[in-house]
Amino acid sequence: MQNRSFCLVLLATLTLGCHSRQATDTSGATGSSSKTKIQAVATVGMVADLVRNVGGELVDVTQICGAGVDPHLYKPTRDDVQHIMEADIVFYCGLMLEGKMADTLEKVGRSKPVIAATHAIDPARLMTGDGEALPDDDKSHTAKPHGDPHVWNDVSLWSQCVDVIRDELTTLAPEHGDQFAENAAAYRSELAKLHEYGVNAIATIPEERRLLITSHDAFNYFGRAYGIEVRGIQGISTESEAGLQQINGLVDVLIRRNVGAVFIESSVSPKNVEALIEGAASKGHKVVKGGLLYSDAMGPEGSYEGTYIGMLDHNLTTTTRALGGDVDATGFQGKLAGAVDE
Ligand SMILES: [Zn+2]
């Protein structure tokens, strides 16, 4: 709930921006270029960041879910709906990430472009929520609700969304098509470097220790892209006998593979991770919290980690260092704060 109120505060600030835009529309004498900007709404930070990078100065982006907000559970407020109604175009992630916004998005989609950023991703590269590739008969776009939505955790996959944003903005404002194309190409080349950094970084972790245990199944694409086994402990209830057995099973894996760190995510309760650490301690194996990973929301607004590149750089660098790999604490372009231990 505290996340929700954060989101409301954010929206209140953005509302002011929108009203002033309308004022300049009618005056015609302010000299402001904002009246000619495309007004875009994006649901989550990762999508908003795509639109900011491709749209540049030509697009105003209103973001619905801020830092720390869980998009799986987020219900649009009246203000959100208002922003969506006033926008020229709406971008969302898709693959049912924004499950509780689906009705609103569908309704609005009848009267303006409402675009899933992930819609052009090659279906053969989508995974189920269990970390498997989708079965053959499940690869049409109509089967999207069955795909794991956390595609941003594979940078090479997420970069396919850049072209979707470019094409949709160009349809809306063809006169700026060249600019959008230039921005998109520049951003994709940044993303390609980040992806390469990720592959090389994780490869420095000793092989048996390439195991990422986290509190939520958000990292299946991350594991496949960067060559690290992923086990989620979301959904395990530590109150039940079965849950305790699963925790004990993971403790044995940690000991056998000499893994000394498990990970907390920014938008999920850390309770199960703590149960795991205690379980290992009771068998004499020291496991620490390997640092906070950003799963479904980016870091604080205005920080490097509050950008998509910063978010992934943080996740890759934190994982690598906590599991015994060898990369600099400041990340792939020297911009991380370097404080990996929480
Ligand atoms: Zn998630």
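Trainee: What makes the contact between Glu 229 and Arg 257 a salt bridge?

Mentor: Their closest N and O atoms are 2.5 Å apart. A salt bridge needs a side-chain nitrogen of Lys or Arg within 4 Å of a carboxyl oxygen of Asp or Glu. The pair therefore qualifies. Keep in mind that this is a predicted model: local features need pLDDT of at least 70, side-chain atom pairs count only at pLDDT 80 or more, and totals for chains, interfaces and linings use all residues. Residues are numbered from 1 along each chain as its sequence is written, and side-chain values use heavy atoms, leaving out hydrogens and water.

Trainee: Where in the chain do Glu 229 and Arg 257 sit?

Mentor: Glu 229 is in strand E6 (residues 229–232). Arg 257 is in the loop between helix H9 (241–256) and strand E7 (261–265). They are 28 residues apart, and the pair links distant parts of the chain. Helices (H or I, at least four residues) and strands (E, at least two) are DSSP runs, numbered from the N terminus.

Trainee: Why is Arg 257 called buried, and Glu 229 partly exposed?

Mentor: Set each value against the cut-offs. Buried means under 20% relative accessible area, exposed means over 50%, and partly exposed lies in between (1.4 Å probe, protein chains only). Arg 257 has 16%, so the residue counts as buried. Glu 229 has 32%, so the residue counts as partly exposed.

Trainee: How do you know that Arg 52 and Asp 49 form a salt bridge?

Mentor: Their side chains meet at 3.7 Å, N to O. That value falls inside the limit, so the name applies. The two are three residues apart in helix H2 (residues 45–55), which means about one helical turn separates them. Asp 49 is buried at 6% relative accessibility. Arg 52 is partly exposed at 33%.

Trainee: What makes Asp 154 and Arg 125 a tie between separate parts of the sequence?

Mentor: First the bridge: their side chains meet at 3.5 Å, N to O. Both residues lie in the loop between strand E4 (114–116) and helix H5 (155–158), so the pair ties together parts that are 29 residues apart in sequence. Asp 154 is buried at 2% relative accessibility. Arg 125 is partly exposed at 28%.

Trainee: How many salt bridges does the structure hold, and which residues are linked in a network?

Mentor: There are 12 salt bridges. Asp 163, Arg 166, Asp 167 and Arg 188 are linked in a network.

Trainee: Why is E2 called an edge strand?

Mentor: Strand E2 (59–63) pairs on one side only, as does E4. Two strands pair if DSSP finds at least two bridges between them. The sheet is open, with four strands in the order E2-E1-E3-E4 and parallel pairing.

Trainee: What makes both faces of E3 covered?

Mentor: Ile 89 and Phe 91 are on one side, with Val 90 and Tyr 92 on the other. All are buried.

Trainee: What makes a set of residues a nonpolar core?

Mentor: The members are buried Ala, Val, Leu, Ile, Met, Phe, Trp, Tyr and Cys residues joined through side-chain atoms within 4.5 Å. The largest such core has 81 residues. Val 47, Trp 158, Leu 276 and Tyr 308 have the most contacts inside it. Helix H7 (residues 177–202) gives the largest share, eight residues.

Trainee: What does Trp 158 touch?

Mentor: Contact means heavy atoms within 4.5 Å. Among the residues that Trp 158 touches are Met 46, Val 47, Leu 50 and Tyr 308, with residues up to four places away in sequence not counted. A second, separate core of 14 residues includes Ile 64, Ile 84, Tyr 92 and Val 114.
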